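Trainee: I have a structure open and want to learn how to read it. Where do we begin?

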Amino acid sequence: MRNTLFVLLLLSLSLSLEGQILFRQDFGGNRVSDDSISQRIFRQCKYRQIFTNDDGSEVGTFSIRKKAFYNGNRVSGMKATDSQWFAQDDHTYPNDYTRGYFLQVDGSLENDLFYSFRIQHLRPGATIEFSAWFANLYTPYQRFVWEERHKPVALPDIDLIVLSAPDLDFEVARFRIGPIPYDTTLQEKNDYLKSSQWINYKFRIKVPDGTTTLYFVFGNRAAASPGDDFGIDDIVVKYIKK
């Protein structure tokens, strides 16, 4: 009888955890009155943060914004786009540039760790699911023009590394996000005025026995320019069935 009650208790606990959201990051900006570019310092990303379009953009920078920075074409004497990046929208509010921030990243030239977050009070042995949306912001048209005369454009390519605390040297899991493909439906010259497709990546992770805290870290695999320009939005980590 006691064994039966214990099994039922475990089953009840498992069902109560299923679907419980442990972490959610939509980067804010959900009100129309919010600035078009977030002015809040965002310490989870290790690249240099830019706060206005006048700051421009260069490798190893990021911004949190409602509409992507265009990064106009700088190649003189070439028939190219006005922008090598899409006018990307937020994933949370598609086709609405008045609400919702996403993280826009101009990857560095190093295989570095650029973004991280922590989840505490996890249940050892439980299964959790990581989900996030990514977009390749480099336009296929600009890629064609550039590669016709120069070197290949780099596709965004990211490692998701899951580490346990307190010993961050222990790698619980590693997943590859990418290479993130171009939106091949938008190949015309003026398609930069549109938004690239958002692609969902999901991974399951078992929380190790004796572990209650995990760190999630994004690493830059591409480490090249031009290219390696991408957006991230709507990160969710939740409990799921084993």
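Mentor: Begin with isoleucine 235. Contact means heavy atoms within 4.5 Å. Leaving out residues up to four places away in sequence, Ile235 touches Phe23, Arg24, Gln25, Phe27, Tyr115, Phe117, Phe130, Ser131, Ala132 and Phe218. This is a predicted model, where local features need pLDDT of at least 70, side-chain atom pairs count only at pLDDT 80 or more, and totals for chains, interfaces and linings use all residues. Residues are numbered from 1 along each chain as its sequence is written, and side-chain values use heavy atoms, with hydrogens and water left out.

Trainee: Which residues have the most contacts inside the largest nonpolar core?

Mentor: In soluble globular proteins, nonpolar side chains tend to be buried together. A nonpolar core is a set of buried Ala, Val, Leu, Ile, Met, Phe, Trp, Tyr and Cys residues joined through side-chain atoms within 4.5 Å. Buried means under 20% relative accessible area, exposed over 50%, partly exposed in between (1.4 Å probe, protein chains only). Here the largest core has 41 residues, and Tyr115, Phe130, Phe216, Phe218 and Ile235 have the most contacts inside it.

Trainee: What is the N to O distance between aspartate 191 and lysine 194?

Mentor: Side chains of opposite charge can pair when their charged atoms come close. A salt bridge is a side-chain nitrogen of Lys or Arg within 4 Å of a carboxyl oxygen of Asp or Glu. Asp191 and Lys194 form one at 3.2 Å. Asp191 is buried at 7%; Lys194 is partly exposed at 43%.

Trainee: How many salt bridges are there?

Mentor: Ten.
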